Amino acid sequence: MAVHIQNYAWSVMIIRRYTKADIPDMVKHSREALEAFHYRGIAFSNDKVEVMLLGNLRNPSFFCDVIDVDGEIGGALCAMVSEYIHSYEAFAQDWIFYIRPEYRSLTGAVALVRNYVKWAKSRGVRQIRFDQSTGYKIDKFAVLMKRCGFNQIGTKWSMEA
């Protein structure tokens, strides 16, 4: 189900499920988003991301909604349901979350997250998880997560090898 959001900067912003036609733009914009952060040193595979998105188009355990602004992809949130390693119960975990700079708004970000939460709950998960691994505007990200009902439960640590 698409969510229509009126916005002053654009004609209409629609939050909707991704389609096969969206995948080339999603791959391109995912690459651009990651190259701006500490992932820039990791070889990005267009093919791998494309195969992942194509392969999950009809997977009920995969979530992917996009921000569609007048027919252009302005952002995306993709997630997956997985079982815990110690239990047969499941959790939902985001994989990709980006909003292109020219389309960033609290309205769009909150709409994507709310759709993800609604979808995850419909899958009967025990936890809904969201990571921020880029290090970009961590304080603002924390405000968004709290606004959407999430609690911080840890931190990420990384070492370059």
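Glutamine 93 sits in strand β5 of this predicted model. Helices (H or I, at least four residues) and strands (E, at least two) are DSSP runs here, numbered from the N terminus. Residues are numbered from 1 along each chain as its sequence is written. Because the model is predicted, local features need pLDDT of at least 70 and side-chain atom pairs count only at pLDDT 80 or more, while totals for chains, interfaces and linings use all residues; side-chain values use heavy atoms, with hydrogens and water left out.

**Around glutamine 93**

- Is glutamine 93 buried or exposed? Glutamine 93 is buried, with a relative accessible area of 13%; buried means under 20%, exposed over 50%, and partly exposed in between, using a 1.4 Å probe and protein chains only.
- The side chains of glutamine 93 and aspartate 131 are joined by a polar contact of 3.3 Å. (A polar contact is a pair of N or O atoms within 3.5 Å; within protein, one must be able to donate a hydrogen and the other to accept it, and residues adjacent in sequence count only if both atoms are side-chain atoms.)
- Setting aside residues up to four places away in sequence, glutamine 93 touches Ala79, Met80, Tyr116, Arg129, Phe130 and Asp131, where contact means heavy atoms within 4.5 Å.

**Nonpolar cores**

- A nonpolar core is a set of buried Ala, Val, Leu, Ile, Met, Phe, Trp, Tyr and Cys residues joined through side-chain atoms within 4.5 Å.
- The largest one has 28 residues, and Leu77, Val113, Tyr116 and Phe130 have the most contacts inside it.
- Two or more residues of this core come from each of β2 (12-17), β3 (62-69), β4 (72-83), β5, α3 and α4, and α3 gives the most, with nine residues.
- Leucine 77, leaving aside its neighbours within four places in sequence, is in contact with Phe63, Cys64, Asp65, Asp94, Ile96, Phe97, Leu112, Val113, Tyr116 and Phe130.

**Largest pocket**

- A pocket, on a 1 Å grid over the protein atoms alone, is an open set of points where a 1.4 Å probe fits, with protein on both sides within 12 Å along at least five of seven lines; lining residues have an atom within 4 Å of a point.
- The largest pocket holds about 1,400 Å³ of space, its volume being the space filled by probe spheres set on the points.
- Its lining has 42 residues, with Ala33, Leu34, Phe97, Tyr98 and Thr134 nearest the centre.
- α1 supplies the largest share of that lining, seven residues.
- By class, the lining splits into 22 nonpolar, seven polar and 13 charged residues. Here Ala, Val, Leu, Ile, Met, Phe, Trp, Tyr, Cys and Pro count as nonpolar, Asp, Glu, Lys and Arg as charged, and the others, Gly among them, as polar.

**Second largest pocket**

- This pocket has about 930 Å³ of space, and of its 29 lining residues Phe130, Asp131, Gln132, Gln152 and Gly154 are closest to the centre.
- α4 gives the largest share of the lining, five residues.
- The lining has twelve nonpolar, twelve polar and five charged residues.

- Glycine 154 lies in the segment after α4 and counts as partly exposed at 43% relative accessibility.
- Aspartate 70 is in the loop between β3 and β4, and its phi is near 50°, a positive value in a residue other than glycine.
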